[in-house]
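This report looks at aromatic contacts and at the nonpolar core that surrounds some of them. Please read it alongside the sequence and the model shown here.

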Amino acid sequence: MATPTPTAYLSFSPLRHPLSSPRLLQLPRLPKLRPPTPGRLAFRTRAMGKDLLGDFGARDPFPAELESKFGDKVLGNIDTEHRILIPVASAFSLAEQDCSPVSPVQQPMSLDDAQKLLKKVVGWRLLEEESGLKLQCLWKLRDFKCGVELINRIYNVVEPTAHFPSLYLEPPNQVRAELWTSSVGGLSMNDFIIAAKIDRIKTSDLAPKKRVWA
């Protein structure tokens with residue numbers, strides 16, 4: 001009689017993928033958001049105003065910020081009215097402004113005001129003469145031909161404004177520009193506007209070439 005061959009039985013249990021574990025799928029519990037209080041709601045309504053443009057640049061606080069009650073620690077007045085103001089002309093760059101008609105009865109600009117506006121133009125200086133204040137700027141160029149080219153560029157920029165500087169081509173390679181408003185006997189805002197427009201003119205290709213020493 002033959003001896004029976006022993007048989008081994010192997011049992012397999014299904015493997016669980018780590019992502020199938022319900023513990024790994026649990027999301028963190030988020031804090032409950034509190035509805036805005038009437039005071040905050042009224043504050044936001046006042047900030048929007050009649051035009052309903054809203055308070056640009058603002059954002060709603062994060063839940064953690066609300067929980068910390070940071071609003072109670074900030075100095076301020078909840079009745080403060082926020083407004084969106086349209087920038088006035090003086091807030092723009094001088095070069096972006098247009099010249100305006102000047103009345104002969106208008107007073108020339110004072111020295112203090114002129115010194116403040118002088119910081120907004122590059123390379124210009126104030127001249128105090130008997131006839132009044134003037135603006136002056138000098139350019140050292142590569143040659144006489146470059147001086148003629150700069151004068152043409154200045155003319156093309158200021159022609160639409162109808163407010164022209166006095167231009168001088170001084171041999172061998174210097175251009176001098178002077179600005180003032182003759183109708184008021186001194187400086188006006190138009191002179192600084194023109195100076196700022198002239199500052200934008202490209203002159204790097206007209207400048208003297210730098211020497212390279214070996």
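## Aromatic pairs

Trp 124 counts as buried, at 6% relative accessibility, where buried means under 20% relative accessible area, exposed over 50% and partly exposed in between, with a 1.4 Å probe and protein chains only. Trp 139 is likewise buried, at 14% relative accessibility. The model is predicted: local features need pLDDT of at least 70 and side-chain atom pairs pLDDT 80 or more, while totals for chains, interfaces and linings use all residues. Residues are numbered from 1 along each chain as its sequence is written, and side-chain values use heavy atoms, without hydrogens and water.

The chain holds 2 aromatic pairs, a pair being rings of Phe, Tyr and Trp (its six-membered ring) with centres within 6.5 Å, called stacked under 30 degrees between planes, edge-to-face over 60 and tilted for the rest. Trp 124 and Trp 139 form an edge-to-face pair, 6.1 Å centre to centre with 90° between the planes. Tyr 155 and Phe 164 form a stacked pair, at 6.0 Å and 20°; Tyr 155 is partly exposed at 42%, and Phe 164 is partly exposed at 45%.

## Nonpolar core

The largest nonpolar core has 30 residues, and Trp 124, Trp 139 and Ile 198 are among those that touch the most other members; such a core is a set of buried Ala, Val, Leu, Ile, Met, Phe, Trp, Tyr and Cys residues joined through side-chain atoms within 4.5 Å. Leaving aside residues up to four places away in sequence, Ile 198 touches Trp 124, Trp 139, Ile 154, Val 158 and Pro 165, a contact meaning heavy atoms within 4.5 Å.
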